[in-house]
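I am opening my notebook on this structure, and I want to write down what I looked up, entry by entry. The sequence and the model come first, and my notes follow.

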Amino acid sequence: MAKLPVVVRSAIRKPNECMRLIVVTIVGVVFGFFIGISFPTVSITKLHFPSSIVSYIENRNSSLSAQAILNHAWTAARNARGNGSEPNSNDSFKIYVPTNPRGAESLAPGIVVPESDFHQHRLWGNPDEDLSFKPKYLVTFTVGISQKDNINRAVKKFSNDFAILLFHYDGRVTEWDEFEWSKRAIHVSVRKQAKWWYAKRFLHPDIVAAYEYIFIWDEDLGVDHFNGDEYIKLVKKYQLEISQPGLEPDKGLTWQMTKRRGDHQVHMFVEIMAPVFSRDAWRCVWHMIQNDLIHGWGLDFALRKCVEPAHEKIGVVDSQWIVHQVVPSLGNQGQSENGRAPWEGVRERCRKEWGIFQTRMAEAEKAYYEMMGVAPPNVTFVS
């Protein structure tokens, strides 16, 4: 009889413990449910997974990125919660490829074409039969109608391996149709703009990626001693990334360092009158061109920043030389102000742009070195 109270007390406590367990379980389920429905507000793209998991997923599904698969899984789960039904296979497995170009992440990689060219296509027939021949190089001239005959002579110095692109600053385009080559050339007409304005807007590196070399030339160049194919041979021989033909030393206005030297095939330094860029060098130079500085003055002193080593990759090809005729055609497109000739205002703008560019380059490099916490390497900054 001594043990009876213990038996009674044990029997009384057991239902209470069961009830407590049931209540805790229900609370846990409800709490977990509310946590679960709150997860769709979190972007899956901001979750970071261990590299071992990512590698495993990518190895198992080599045609899709790990992040894309995780995105698909999350979208499917979210859709299922939203409509209370099984996810539709057409909606739940949407394309998302973060390695695609920005803005094209929702496209399958096989349809993405990130680069273009100036190859002309027919309006009829099979697309894959349009181009029996593709030019390897691109030559651009910034032109006015007064230099039509000079440009005609220049174009004839380039073979069919060179595509021709004319930027018309005077708006006169149809008059060029008297030349057979002009009917095959690309014509861009925007009034009263300069060479580097056109280059920044129409020669994006992804647009000219099909061409090994890009010539960006003025209109007033004499080319009697120049041949395009021979020039390319020398550029490739010396592995020049940025180059130009030599300039006749006794004619025109030019830097002393770009004048032709009779005892050399190649020497260093290139100015902006008749530069030639490899497509890799042009990708760098294009990004360095300022959107509002249209004449390009000062750019020639910064070209060395786009190739390494500059003293080997930049050069003037002396054995293929040209003459700067110094024809102020573009200058005459300026506006006469305060009794000054139009070209005077244009020249003043050129000098201003040179100073602005120097200042911007110096300040940008100074800011970079300060951010990195290191002293700049022997650079004189413009105040």
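**Entry 1: a pair within one helix**

I began with Lys352 and Glu348, which are four residues apart in helix H10 and are therefore separated by about one helical turn. I noted the general rule that an α-helix has 3.6 residues a turn, so residues three or four places apart point the same way. Lys352 forms a salt bridge with Glu348, and the closest N and O atoms are 3.7 Å apart; the term means a side-chain nitrogen of Lys or Arg within 4 Å of a carboxyl oxygen of Asp or Glu. Glu348 is partly exposed, with a relative accessible area of 30%, where buried means under 20%, exposed over 50%, and partly exposed in between, with a 1.4 Å probe and protein chains only.

**Entry 2: what I am looking at**

I reminded myself that this is a predicted model, in which local features need pLDDT of at least 70 and side-chain atom pairs count only at pLDDT 80 or more, while totals for chains, interfaces and linings use all residues. Residues are numbered from 1 along each chain as its sequence is written, and side-chain values use heavy atoms, with hydrogens and water left out. The secondary structure of the protein chain comes to 10 helices and nine strands; these are DSSP runs numbered from the N terminus, with at least four residues (H or I) for a helix and at least two (E) for a strand. Of the 383 residues of the protein chain, 37% count as buried.

How many of the residues of strand E2 (residues 162–168) are buried? I found that seven of the seven are, so E2 is largely enclosed by the rest of the structure. Phe162, Ile164, Leu166 and His168 point one way from E2, while Ala163, Leu165 and Phe167 point the other way. Strand E1 (residues 137–143) runs parallel to E2 and is joined to it by seven bridges, and two strands pair if DSSP finds at least two bridges between them. Leu138 has Ala163 in E2 as its bridge partner. On E2's pairing with strand E3 (residues 186–189), I wrote down four bridges, again in parallel, with Val188 in E3 as the bridge partner of Phe167.

**Entry 3: helix H6**

Next I turned to helix H6 (residues 195–202), where six of the eight residues are buried, so this helix is largely enclosed by the rest of the structure. Among the buried residues of H6 are Trp196, Trp197 and Tyr198. The buried residues of H6 pack against E1, E2, strand E4 (213–217), strand E8 (276–278) and helix H8 (279–288), contact here meaning heavy atoms within 4.5 Å.

**Entry 4: charged pairs across the chain**

I looked up the salt bridges and found that the structure holds 12. The side chains of Glu178 and Lys148 meet in one of them (2.6 Å, N to O). Glu178 lies in the loop between E2 and E3 and Lys148 in helix H5, so the pair ties together parts that are 30 residues apart in sequence.
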